[in-house]
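Dear colleague,

Please find the structure below, together with its sequence.

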Amino acid sequence: MKKTAGSKSKVFQSARGGVSFCFWFYHALVGCDGMKQEHQRLGCGSGWHGGGLLLLAFLLVVINVRADADHCAICGAAFGETIYTMTDKVTHKKIEVCHACSIWPDDCYLCGLPVRKNFTKLADDRFICARDVKSEVLDSAEALQICTEIRDGLNRHLSSFMAFPETNVDVRVVDRIDLLAFKIPGNDYGCPNILGYISPETNQGEVRYPLRLMSALPRAQLKATCAHEYTHAWVFQNVPGARRKTLGHDAHEGFCELIAYLLMEAQHEPAELQAILDNGYTRGQVDLFVEAASKYGLNDVIDWMKYGEDAELKAGEVWRVRNVQMPPRPPATNTVNLTASPPPAAPDTLLLRSLSASPTRAFALINDVTLAVGETGKAHIGSSNLLIRCLAIGADFVRIRIETSGEERELRYKNSR
Ligand SMILES: [Zn+2]
Ligand SMILES: [Zn+2]
Ligand SMILES: [Zn+2]
């Protein structure tokens with residue numbers, strides 16, 4: 001799942017001049033367990049309107065005592081003797097508010113400021129202020145359309161490096177309550193991000209990826225969340241199972257953030273780029289992934305994801321991204337057979353005959369055509385042929401698309417013995 005930045009927190013100047021946070025989305029920084037803990041402790045969620053008020057009152061600090069007639073930035077009322085400051089988590093600016101606003105129980109879930117009028121209340125009890133609602137994608141059909149466009153954008157923008165699944169991802173938009181409740185039992189890794197969630201499901205040998213997106217996300221955040229979740233699907237399909245076990249959780253999430261970052265860069269979303277770098281969700285891994293991709297190229301980062309020796313990237317040692325254990329190449333007899341022997345009779349269906357790899361690329365021999373990811377070629381079937389495109393190569397399978405029909409198929413390698 002994708003992170004959210006500290007931008008969901010409400011900040012007050014503290015008595016010691018420091019900063020206190022209400023971790024409305026604290027789990028985004030420390031994971032779901034941490035979130036629950038913090039929600040209970042700080043009274044966010046259902047408890048927020050009760051004991052949370054008292055805590056809030058203590059967190060607020062008088063910064064100024066003035067007798068002039070300035071007005072509250074939220075409700076417009078004249079200030080009393082005390083003026084309070086709050087930080088707008090969208091603009092990152094401090095504003096001055098009155099006492100009533102300072103203890104108002106309902107906050108905009110984006111900027112963290114109290115909502116007094118003209119706000120929108122969602123079914124899951126989130127509030128959005130009149131200003132921020134303008135950047136939201138409130139319509140679920142539109143959100144799904146944007147997610148499809150993001151998937152296509154990833155496949156276009158990164159076509160030389162990766163192929164993202166197109167037909168086996170089931171996307172739905174759900175509210176926050178349903179998103180938090182969305183847990184799929186299984187032994188594979190599920191992205192625990194608060195804004196989105198994905199986890200593979202296997203049914204009768206077919207792998208599908210239910211992907212859930214939280215409703216009413218700002219447009220740019222929705223786009224980055226979709227890119228992040230689709231990258232998880234790519235990892236599930238392309239990183240060998242043994243490597244996924246040794247890959248660190250933060251590195252897995254950091255790679256998904258890197259791909260979201262690269263797409264946001266291509267789509268000129270500077271605020272979302274900054275939000276990706278600012279959020280602490282990956283505990284610094286995203287910064288190292290961005291550095292590694294810029295120094296060594298995305299291909300090397302992808303190789304590390306698949307075959308790297310370390311669990312995560314290390315600050316000051318990003319060069320270790322080149323420490324990889326590539327799988328051994330299959331015996332050259334495969335190639336010799338193809339060129340020196342008469343071709344075998346074309347099978348009557350598509351078959352994955354072998355998988356091989358060079359230091360930088362993997363190849364799949366399908367019927368009589370050898371393809372790397374992103375390549376298209378003709379595979380003979382019986383007396384005719386099919387134009388197929390290689391979308392992904394895994395440890396024991398290849399995912400292809402039949403170009404004439406658009407149908408995608410996963411072909412598994414079966415040892416002929
Ligand atoms: Zn994730
Ligand atoms: Zn006010
Ligand atoms: Zn707001």
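**Helix α7 and its surroundings**

Helix α7 has 20 residues, and the distance from its first C-alpha to its last is 28 Å, close to the 28 Å expected at 1.5 Å a residue. Please bear in mind that this is a predicted model. Of the 20 residues of α7, 18 are buried, so the helix is largely enclosed by the rest of the structure.

**The crossing of α7 and α10**

Helix α7 covers residues 219–238 and helix α10 covers residues 270–278. Their axes come within 9 Å and cross at roughly 55 degrees. The crossing in which α7 passes α10 is right-handed.

Which residues make the contact? On the side of α7 they are Ala220, Gln221 and Ala224, and on the side of α10 they are Ala271, Glu272 and Ile276.

Most residues other than glycine have a negative phi.

Ala216 is not a glycine, yet its phi is positive, at about 55 degrees. Ala216 lies in the loop between β11 (206–214) and α7. Is Ala216 buried or exposed? There are 24 other C-beta atoms within 10 Å of Ala216, and a residue is buried if the number is 20 or more, so Ala216 is buried.

His268 likewise has a positive phi of about 55 degrees although it is not a glycine. The place of His268 is the loop between α9 (249–266) and α10. His268 has 8 C-beta neighbours inside 10 Å, and because 12 or fewer means exposed, His268 counts as exposed.

**Val174 and Asp124**

Val174 belongs to strand β8, which covers residues 169–174. With 18 other C-beta atoms within 10 Å, Val174 is partly exposed. How far apart are Val174 and Asp124 in sequence and in space? They are 50 residues apart in sequence, while their C-alpha atoms are 9.8 Å apart in space.

Yours sincerely,

A colleague

Definitions and conventions: Residues are numbered from 1 along each chain as its sequence is written. Chains are lettered from A and ligands numbered from 1 in the order in which they are written. This is a predicted model: local features need pLDDT of at least 70, side-chain atom pairs count only at pLDDT 80 or more; totals for chains, interfaces and linings use all residues. Axes are lines fitted to C-alpha atoms, for helices over the stretch in contact, and angles run from 0 to 180 degrees between N-to-C directions. Helices (H or I, at least four residues) and strands (E, at least two) are DSSP runs, numbered from the N terminus. A crossing is left-handed if the near helix is turned anticlockwise from the far one by less than a right angle, and right-handed if clockwise. Two residues are in contact if their C-beta atoms, placed from the backbone, lie within 7 Å. The expected span of a helix is 1.5 Å times one less than its number of residues.
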